[in-house]
Each structure stands twice: as structure tokens, then as C-alpha cells.
Amino acid sequence: MRRLILASFAAALCLAPGLAAAQEPIIIKFSHVVANDTPKGKGALRFKELAEKYTAGKVKIEVYPNSSLYKDKEEIEALQLGSVQMLAPSTAKFAPLGIKEFEALDLPWLFKDEATYDKAMKGPVGTWLFQKLESKGISGLAYWDNGFHMTSANRPLLVPADFQGLKIRISGSKIADRYFRDVGSIPQIMAFSEVYQALQTGVVDGCENTASNYLTQKFYEVQKDVTVSYHAHLQYAVIVNSKFWNGLPPDIRKQLDKAMEEATDYTNSIAVKENEDALAEIKKSGKTTLHYLTDDQRKAWQTAMRPTYAWAKGRVGQEVLDLVAKELYIKMN
Ligand code: LMR
């Protein structure tokens, strides 16, 4: 009897490594459109590192940066189809899903600083917006920060009249479309991966983005003048295919949630500094001229773009505007 028990114990020991080897890791494809050396790029890599560590290799995260797997619009379709499991698109890109409410976050000079932005997204606004995604088979896990937008062209953009007639690339939000129209320019939606060439060849005259994106996509090399306007905010929603996510074994999902929480804290803690460093590098390159608005110039932009606020109601609806206004203690109209 004792011999039998020992024999089966030994057999189990031999079998165990074989069993483990046969178990394939769960693959999570995480696609995004920016460079690795940006807040989002670094956040994705940090998530990979933590997720693989906490699940002891049971999950493998494949990060595809720089639109290497999908471009802007395609990636959201791919997520719904389950061809990719995780994304972190800018919140300006949800309109093709029929969800326009996120665009409220693109209102010009909405957040007076990073702390205000952070408070809003951690509170009811962030939660309410994520609920909008659920009916589309998408779940929101976190918001990642990438700071404030600058604007550029091949001429200094200092007063609203400087925008007159310029074709400006925007990423998707009709709110951005509207505020650029308010100052007389002609906005055009274009995938992120196509912007550099469009600027270089003159398909568009200008664009808006954060310093880390200007640097890593080399936009500053094909724009003579960059205004450090910080007129609107860029943030991402880290999203997953709900069916895939809810189907994960609960213990695995718990570890992934933990990894996401830590990766989110990390990303949001580096965003401001990453953009400051990127701006310093752009300045050092000498390849473009940086402009800073005077108080009067900023006020002139704000006045010229103000009609966007009244217009926004018809686009994003009163409910989200009221939520944001309440959270930020501001008046929308
Ligand atoms: C853009 O298209 O300009 C941005 O959404 C890119 C990004 O993801 O930072």
C-alpha cells in the first residue's frame, strides 16, 4: 500500500510539470497609436510588466505601439470584434461608436489645471462616461493622462485671426472641430499615424497635440511655429472587450486589475514631467519656434472659442455638461 502511494505521488510529480508546460498563456493584445516613449507608451509597458509578474506568466501582454496593429478608428472596431483585447484611445475618438458624451472633455479651457482634470475623472464624470461604453461591449478600466494640447502651424498662432483659413488636423472630436471653426480655421479629422506626412506635404497646415506627441512623432520638425497654448486636454480611456474581460478566471482578473491600478498611478504620475521634458527637448532642437500667449492673447482665444460651449449642448447633451459643471464648480453657458 505504502509503495502504491509513493508510486502515485511520484507519478503526480512527473506529470505536474508536463501539465504546466501544456497550459498556454492567455494572450492580451494591447494596441495603441503613440510611441513607447510617451506617457501612454510607458504606461502600457508598465502594465505588461506588472500583469505578467502578478499572474506568474499565466497572462502574456503583447503591446503594439505606434499604430503598428491598427489605426485610430480601426482599433475600436477590432476591439469590438475581439481581434484585440485592450486599447487606450483618446476620449476624443468614441463618436464612431455613437457615443458623443466623452467629447465634453474637449471643451477649450475646461480644466484649469491638472489637479482639476484629475478630480473630475476620478469622480462621477469618469464613472458616468464609462457606463456609456457598456452597451457597446466595451468596459472602461482607467483614465490615463497626457496633459494639455499645444497648437502649431507654419506661422505664429497668437491671436484668433492667425487661424484664419488654416487647415487644422484634429483627432476626432466635433468639439475640437467647433472651436477651430470659431477662430476661422478648417478642421479635418485624420488618423494619428498620417499626421506627420500630412503636415510635411501641406495636406494640412497645422495641428494640436501634447508635447510628448509633438516630439516623438516629429511634428515639430515640420511646423515652424508651436504655440504652447494648453487650450484643451488630452486623456485616454483604457478599455477592454467586455466579453473577453468578464470571461477571464476571477483570480487572474484580480491580478490584472491590480496591475492596471498600479500602471495607472504610474502613468498619471509621469504625464506632466514627460511633457515638460518633451517640450524642453523640442526647444533645444532649434527646429521650431515656441510661442507663449500673453494674458490678453489667451483671453482673446477664450472669447473667440466661447461659442463652442453653447453649441456643445446639441452635440454632447445637457446631462454630461451638467455633471462636468457641477464637478468643476463652473458655469457652462
Ligand atoms: C491623436 O490622435 O492626436 C491622439 O489621440 C494620439 C494619442 O493617442 O495620443
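Which of the 13 residues around the ligand come nearest? Lys 40, Lys 93, Arg 169, Asn 209 and Tyr 236 do, where a residue counts as near with a heavy atom within 4 Å. This is a predicted model, with local features needing pLDDT of at least 70, side-chain atom pairs counted only at pLDDT 80 or more, and totals for chains, interfaces and linings using all residues. Residues are numbered from 1 along each chain as its sequence is written, and side-chain values use heavy atoms, leaving out hydrogens and water.

View 1. For Asn 209 the distance to a ligand oxygen is 2.8 Å. On its own the ligand has 270 Å² of accessible area (Shrake-Rupley, 1.4 Å probe), and the protein covers 99% of it.

**View 2. The shell around the ligand.** Sorted by type, the shell holds 5 nonpolar, 4 polar and 4 charged residues; Lys and Arg count as charged, Tyr as nonpolar, and Gly as polar. At least three shell residues come from each of domain 1 and domain 2.

**View 3. The two domains.** Here the chain splits into domain 1 (2-145 + 236-270) and domain 2 (150-232 + 277-323), with bounds from an automatic or database domain assignment. Their centres, taken over C-alpha atoms, are 29 Å apart. Where they touch (heavy atoms within 4.5 Å), domain 1 brings 28 residues and domain 2 brings 33.

Methods. Polar contact = N/O pair within 3.5 Å; in protein donor to acceptor, adjacent residues only side chain to side chain.
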